[in-house]
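Here are a few exercises to work through with a structure viewer open.

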Amino acid sequence: MKTSIATVSISGDLREKLAAIAAAGFDGVEIFEQDFLAFDGTPAEVGRMVRDHGLAITLFQPFRDFEGLPEPQRSRAFDRAERKFDLMQELGTDLMLVCSNVSPAALGGIDRAAADFRELGERAGKRGLRVGYEALAWGRHIGDHRDAWEIVRRADHPAIGLILDSFHTLARGIDVDTIRAIPGDRIFIVQLADAPKMTMDLLSWSRHYRNMPGQGDLPVVDFMRAVAATGYVGPLSLEIFNDQFRGGSPRSIAVDGRRSLVNLMDQVRRSEPAIAIDVPAMPEPVRVEGVAFVEFAANEEEAGALGSLLMTMGFAPHARHRNKEVVLWRQGTAGDGINIVINTEHEGFAHSSYLVHGTNAYAFGIKVGDADATVARARALGAEPFEQKHGPGELAIPAIRGVGGGVIYFIDDRTNHVWDIEFEPLPQAPQTGQAVGLVGIDHVAQTMNYEEMLTWILFYTAIFRMEKSPMVDVVDPGGLVRSQVVASTDGAVRLTLNGAENHKTLAGHFIAESFGSSVQHLAFRTDDIFASAAAMAERGFRALEISPNYYDDLAARFGIQPELLDQLRTHNILYDRDDGGEYFQVYSTNYSEGFFFEIVERRGGYRGYGAANAPFRIAAQKRQLRPPGLPRS
């Protein structure tokens, strides 16, 4: 499997781009003409720089407005091509992309275009060069790969081949199975891009909103299955035009790019096992079975405050680690309960996380069928493994680094007895019956800068058997927050990813004040929110106070009966409803600078997260924040 990426796909100057592309593990690079023209070195120097990074130049592009021109424009086009051939030979690449003509002067006609390419092939062939023809979705006469292939077929020259671009085919809704009839050796390179579904002109959509395969909504897997069925074995190259990527970290975007290609081809190989492309072997996507625990890093004083808050929600200290200053808090039974760990160690990764972020949920564990296989897949997809020293009698629990530099542990049958092996029960640990009816973790909410969201959506959906939901705009008085969920189909694990665009929003404030901590809130599930809310109130739980105006509007919107409305108002419970069912949610007051807990009840088939309630919840939470400039006590 040969991977490549166009320099236009990432930010930086040419040197930065090549360093990032090589570090991410790509085999080759497409040199985009503008990147070359902006560079202050000679073509030979660029070629050496590429090769010094261990890369090959898979393509030089683009050559525009070539075929079907009248004279004298036709002769000028051939002269331009000859100059580009000179440049290619100095660079050390043999393939040039010609995209379909968009010039108003272009004349139609398959045979006319084929004749032009036949002559171009003669000129290229004499130099040992090749030319690939690509149908732009907005081409003046050729906007379909089927027509582009017909031109290549009629040109009938070994130096002339087809270039396929997933965006141009999928954006126009062209049947991808038409690709299967094209001989694989006549396809010179395949360019890949995804994109969110949008209603806009094709050119603007392509030039501003492309993203990596798996980050958008286009059926890129189906496209690549059809390509693979042709016997194609050449480079798989990313060509991504995206305004957000142009301002992002070149290294991060390059890592995302290679991850997207490996994940894409893993999916293709599993559905088309006889393909000729050599795809790296890795375990299949991992089925997630639940959240095993969430671990906080804290100091002793803040651990006491966090413990007091947990007690109001029915948790109790259950066990202490045999070797470390780590306490397990639990509600429910060992197999089905909720496990919260508070780590107050003065060394190790948890302590480092505390020093950087303050008290934070720096790690969580996910139940999986095979933890080692999970890490193997994650590593194959470029995730960073996490390891630290473990003492006598402690289990080596496989883990990787996640959002905000946090840790994701994987718990399977080998390690699910960690609580019995590494922890000693506390003598005063209460019985399960003293809890308040919380039965599990409904979702873990992670907050990040908006430009990171596509990275982590791809991260989770590539490694785990999880699906992404459509993006939702959450209205904050300080601006919009983009929210997207990745979840297992059965809802065993739900992760809500919230992207902050500025620090005026609650999410942005949390990121700024916690220096990039990832988990902003935990949502616990109950089967009876009114009973849980009453039990928590008896324990001293302070619910986030919701404006009375919210409940007056709620009655008008949903026609809620007065008795139910009084219950909601009494316990500050928010309410939502969709075609599938109902959703109830109550929030804790803020802990520190924007972290909070949520308790929810789902009735029927409700699959959302109460997005309609977010503006009212956020307004209430912002009223609790310390005024700007006021130091922490």
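The exercises below use a predicted model.

**Exercise 1. Work out how helix H4 and helix H5 are arranged, and which residues make their contact.**

Solution. Start by finding the two helices: H4 covers residues 73-91 and H5 covers residues 110-126. Next, look at their axes, which are 11 Å apart and at an angle of about 30°. Angles under 35 degrees count as roughly parallel, so H4 is roughly parallel to H5. The crossing of H4 past H5 is right-handed. Now list the side that H4 brings to the contact: Arg74, Phe78, Ala81, Glu82 and Phe85. H5 answers with Asp116, Glu119, Leu120, Arg123 and Ala124. Sorted by class, the contact has five nonpolar residues, five charged residues and no polar ones.

**Exercise 2. Describe H4 itself: what is its span, which of its residues are buried, and what covers them?**

Solution. First, the span: the 19 residues of H4 reach 27 Å from the first C-alpha to the last, close to the 27 Å expected at 1.5 Å a residue. Second, the buried residues are Ala77, Phe78, Ala81, Phe85, Leu87, Met88 and Leu91. Third, their cover includes helices H2 (33-38), H3 (43-52) and H5, together with strands S3 (56-63), S4 (95-99) and S5 (130-134). Finally, step past the end of H4 to Gly92, which has a positive phi near 95°.

**Exercise 3. Is Met313 buried or exposed, and which residues is Met313 in contact with?**

Solution. Begin with its place, the loop between helix H12 (300-312) and strand S10 (316-321). The relative accessible area of Met313 is 0%, so this residue is buried. Then set aside neighbours within four places in sequence: Met313 is in contact with Gln331, Val436, Leu438, Phe524, Met536, Phe541, Phe597 and Ile599.

Definitions and conventions
Residues numbered from 1 in each chain as written. Predicted model: local features only at pLDDT ≥ 70, side-chain atom pairs only at ≥ 80, totals over all residues. Heavy atoms only, no water. Axes fitted to C-alpha atoms, helices over the stretch in contact; angles between N-to-C directions. Helix = DSSP H or I, 4+ residues; strand = E, 2+ residues; numbered from the N terminus. Parallel < 35°, antiparallel > 145°, perpendicular 65-115°, else oblique. Left-handed = near helix turned anticlockwise from the far one by under 90°. Contact = heavy atoms within 4.5 Å. Nonpolar A, V, L, I, M, F, W, Y, C, P; charged D, E, K, R; others polar. Buried < 20%, exposed > 50% of the residue type's maximum accessible area, 1.4 Å probe, protein only. Expected span 1.5 Å × (residues − 1).
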